Amino acid sequence: MNITVGCLSGLNKVYNIHRGAPVSMFGSLDVNLDLQVMSYGWKNLGDDYEDYLFFGYTNGLVKYYNSKEKSLIREFNFGSNIRSIEPLGENRLLVTCIDGSIHIKEFEDIHTLEPKMTINKVITTVGQGKKMKQVITQVKEPKDDEVYHLLNDNELERELSVNALTLSPDQTVVAFGGKTLNLTVRDMEKQTNTWSAKFQHDFLNLQEPVNVSAIKFLHNTNQQHILIGSDKKLKIYDTKAKRHPIMDLSFSKYQVKAVAVSQKNENIIIGSDVVGNVSAHDKRTGRQLGTYKGNTGSVRGLDIHPTLPLLATVGFDRFLRIFDVGSRKCLHKIFLKQKLSNVLFSREEPVDKDEQDDNEIWQTMENNKNSVDQDDDQYEYQPEITVKEEINSDDDEQDSSDNDINDDNENEDFEFNLKDEDDSDADSEDKKELKTKLKSKDNKKRVLVQQQVSKQKEQPPQKKKQTETNNNTNNSKKKMLLNFKSQLKKK
Amino acid sequence: MSARLLRMKKDVDTDDYSPSEYKLRRSPNDIKCKSKRMELVGKLMAAKKIAREQSRKLRKKERDNLGDQAPPKQVPRTIESMRRADETVVDKDDGEFDEEINNDEFASYFNGKPPKTCITTNQQSGHEAKNLARMFSKIFPNSGYFNRRTYNLKEIIEFCNNREYTDLVVINETKGKVDELIISHLPNGPTATFRLTSLEFPHEIAGSGKITSHTPELIVNNFTTRLGHTIGRMFASLFPQQPEFHGRRVVTLHNQRDFIFFRQHRYAFESLSKANLHELGPRFTLKLLSLQHGTFNTSSGEYIHIHKHDMDVDRKKFVL
C-alpha cells in the first residue's frame, strides 16, 4: 500500500509499507519552500487519480505533480501563504490564502491543467473623426479566477487570518477558521456565511483564545458535525444545534496542529500537537483513550486509511510512523531523511504478501496452460466462465453451451479460471480460505465448493448455511457434469 | 517457638546440604547484622579479585605463548560501545543528506557570512549571569553583551533582525545560579534550549590562563545523528571562519552521551605528536532540552525535538 509523504522543503516521497521499500521520490529540494498543504487531484481523473497531487507552499506556490511520472505538470503563484487546496466538482480548484482570499480556478483539462478559455468581446475604436468605427473582435482568453474575500479590511488590520479551510464531503459548503477567526460555515453557491461559532469565555469570563489550525467534517452527519483543533483544544460543533461547541476537550498544554477522524463506524477522533503528542479520544464522550507514542517533533500530518484501522503520523522528527488505531501499537517506523509535513494514504487495500506470491504462481501456471491450449483448435480457451451461476441453479440451462466444451477437459481449468474471477471479486476472508484449502491439497471438488459458497455468502449472510449449501452444490455439480457429458455426446 | 518459625526451619533443613555447606551458601542478604554482613562481603570481594587477577595472568600467558596467532584482545563493553543503532545517523556518502545539510539555515555562514552575536541574560539577573555573559562576548568574536532590561525575547529578536544580527544568545539563571542557555539563529533559524551545568569560572580553575583576543580554532566532536548535525552546525556558525593559528587558541565542544562539554585551551606543541594544553576560560556542560523550528516562540512554535522523560528510560539510546 502506498503512502505519499510531502516533505517540508520540496522533495516528496512515496513509500510502500508492505514491501518496506520506497517507491518513488519526486520534486526538487529548495530550502526556501515550506510545505503547508498536500492533496490528491480530482476523483474523475480515473483509477490513478492518486498519482496526481497538489502541493501548496508558504510563499504562495501551488504545484501540480504526477508522482508516477515524477513530473511537474503546472505551477501557480497566488502571492500569499496557501492554507488549503480543494479540488471542486470536475474541473475546478479552490485555493485559500492566509489573507482570506479564495480563488476558484476552472480548467479545460484536468490532466494538464489547461486553463479554461472564454471568448471575450473586445471593442476597439478605429479611425479618426467622422470615420470612427467600433470594431468588435472576439478574443479567446483564459478565464479569470473567481475571487472571494472572507476577511474584510478591518479584520485584516486586526491581524485576523484564515488558517484552515475544508470542503464538505458533498461539496456544497465550506468550513473555515483561523487566528481569532471562529469557525464559520459558508455556502459555496450563494457565497454567503450561513453559520459561525461564538467566542467562549472561561470561568473568569475572559475570552478564550481562538486559533483554528485544523478542520474536519465528521462522517454520517450530513455536514452538521464539524471537528476543529483550535489553540490547545479539540472542539466539536453541531451547526444545526447551537453556536457553542457540543464537545470541548484539551489533551495538551501545547497547540493542536492536526486532527483526524476515524472511519465511518468508529468513534475515535485523534489530535496531534506541536510537541509530538498524538492522542485518541472518544467522539461521543470526549474521554481520552490513549496516546500514540513515539513522535518527538511537531506532528504536522495525520491520516487515517478509509477502510483499514491504520493511522499514519508524520512530523519534524523525520520519521513516518504507522499505528494501529485500536491497539495504538506502532506497526512501522520509517526514517525519511527530510522534515515531513503532510501524509496521505492511498485508498486501495493492500494485498497480502503470501497472496501476491500465490497469485504469481497461478499466473505462471495459467500462462503455461494457455500455451498448451493454443495447439488444440477444438477447445476454445475462455478465461471467464459463467459456470458458477449454473452450479448454483439446478436448472439444466443450455445458454452457456460454448463453455461446456472446456469442462470435459480437466477440472484444473475450472480452478484456474475461477480463481481468476475470485481475485477480483472475492473478499479477503474468502481469499484466505481459498489459500488454506489449496495449500492443503484438498480434493478439487472441495475447492470448487468453497468458491461456490463464497458466492452464496453474499446472498444469505449466515455462516450456518454453509454445510447445507455444500451438500446442495455437490449434488448440483454432479448433475452439471453429467449434463455436459451428455451434451458433448450429442455433438 | 511459634508454629510458623518451626515450619520455616523445616523448609530450610534439606537433606541435600550439610550444615557447613549451608553456611558457605549463605548470601550476605541473609545476614541481618551489618558488621557481620560487611565482613562476609569483604571476603567475597577479595576472593573475586583474586580470581580475576589469576584469570588475567592466565590469559596473558596464553597470549604470549600464541604470539601472533593470539586472538584479539577483549574490549570492555561501555555504554557508548553498546549504543542503540540509530537510523538517523548521517552517512557521509548519502547524496540527499549532503544536499539538505549543505543548504540548511546555516549555509550562509559556511559560504562566508561572518557571525554577529547578541548576548544577553534574563530579566533582573544576578552577577553570575552577567559575568558569564561578559565572558561570552570575549569568546565569540564580533559579539556584544547587552543589558536585558524589560524587553520580551520576541521584541529583542525583532531589534536584532533590524540590525542584522545572526545569532542571539540568552543566559538564564534561577536563584543566582546560571542554569539555561538559549541560542537562537536569527533570520528564521532554529532555537535551541540547553540546560547549563557544572559551570566553573576561570578564577575557580587552578592554573588557568588568560583569554587572548585571537580568533580561536573550533573542535566540534561526535555529533553523529541528523539532529546532532543541526546542533553542531549551530555552534559552528557562532564562531569565526578564519582562525588565527598563531594565537594557538582552541574551543572544544565535545558531545558524549548527549552531554556537550565546552572547554577552552591554549596549546603548545612539544613535539610533532604531542601538544601541551593550558586551560583558560569558563568550562561548562550543556544538555539539549529542545530544538524549535523558527525563532524563539514558546506559545505557538513548532518543535523539532523536545526532551521527554520517556527518552531517559533507555540508558543506551542517545539523540545527538
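Predicted model: local features only at pLDDT ≥ 70, side-chain atom pairs only at ≥ 80, totals over all residues.
Residues are numbered from 1 along each chain as its sequence is written, chains are lettered from A and ligands numbered from 1 in the order in which they are written, and side-chain values use heavy atoms, with hydrogens and water left out.

**Stop 1: the sheet in chain A**

Select strands S4, S5, S6 and S7 of chain A, which form an open sheet in the order S4-S5-S6-S7 with antiparallel pairing. Strands are DSSP runs of E with at least two residues, helices are runs of H or I with at least four, and both are numbered from the N terminus; two strands pair if DSSP finds at least two bridges between them. At the edges you will find S4 (35-40) and S7 (71-77), each pairing on one side only. From one strand to the next, the twist averages 20°.

Now pick residues 52-57 and 61-66 of chain A: these are S5 and S6, an antiparallel pair with 5 bridges. Here A:Gly56 stands opposite A:Val62.

**Stop 2: A:Ser39**

Is A:Ser39 buried or exposed? Its relative accessible area is 11%, so A:Ser39 is buried (under 20%; exposed is over 50%, partly exposed in between, with a 1.4 Å probe and protein chains only). Beyond neighbours within four places in sequence, its contacts (heavy atoms within 4.5 Å) include A:Tyr52, A:Phe54 and A:Leu344.

**Stop 3: the second largest pocket**

Select A:Asn2, A:Glu50, A:Asp51, A:Ser67 and A:Lys68, the closest to the centre of the second largest pocket among its 18 lining residues. About 320 Å³ of space lies in this pocket. Strands S1 (2-7) and S3 (21-26) of chain A each give two or more residues to its lining.

**Stop 4: the largest cavity**

Finally, move to chain B and select B:Phe136, B:Leu181 and B:Phe284, which are among the residues lining the largest cavity. About 90 Å³ of space lies in it. (On a 1 Å grid over the protein atoms alone, a cavity is a set of points where a 1.4 Å probe fits but cannot get out; a pocket is an open set with protein on both sides within 12 Å along at least five of seven lines; lining residues have an atom within 4 Å of a point. Grid points are joined across faces, edges and corners, and a volume is the space filled by probe spheres set on the points.) Helix H6 (127-139), strand S4 (177-185) and strand S9 (275-293) of chain B each supply at least two lining residues.

Conventions: Axes fitted to C-alpha atoms, helices over the stretch in contact; angles between N-to-C directions.
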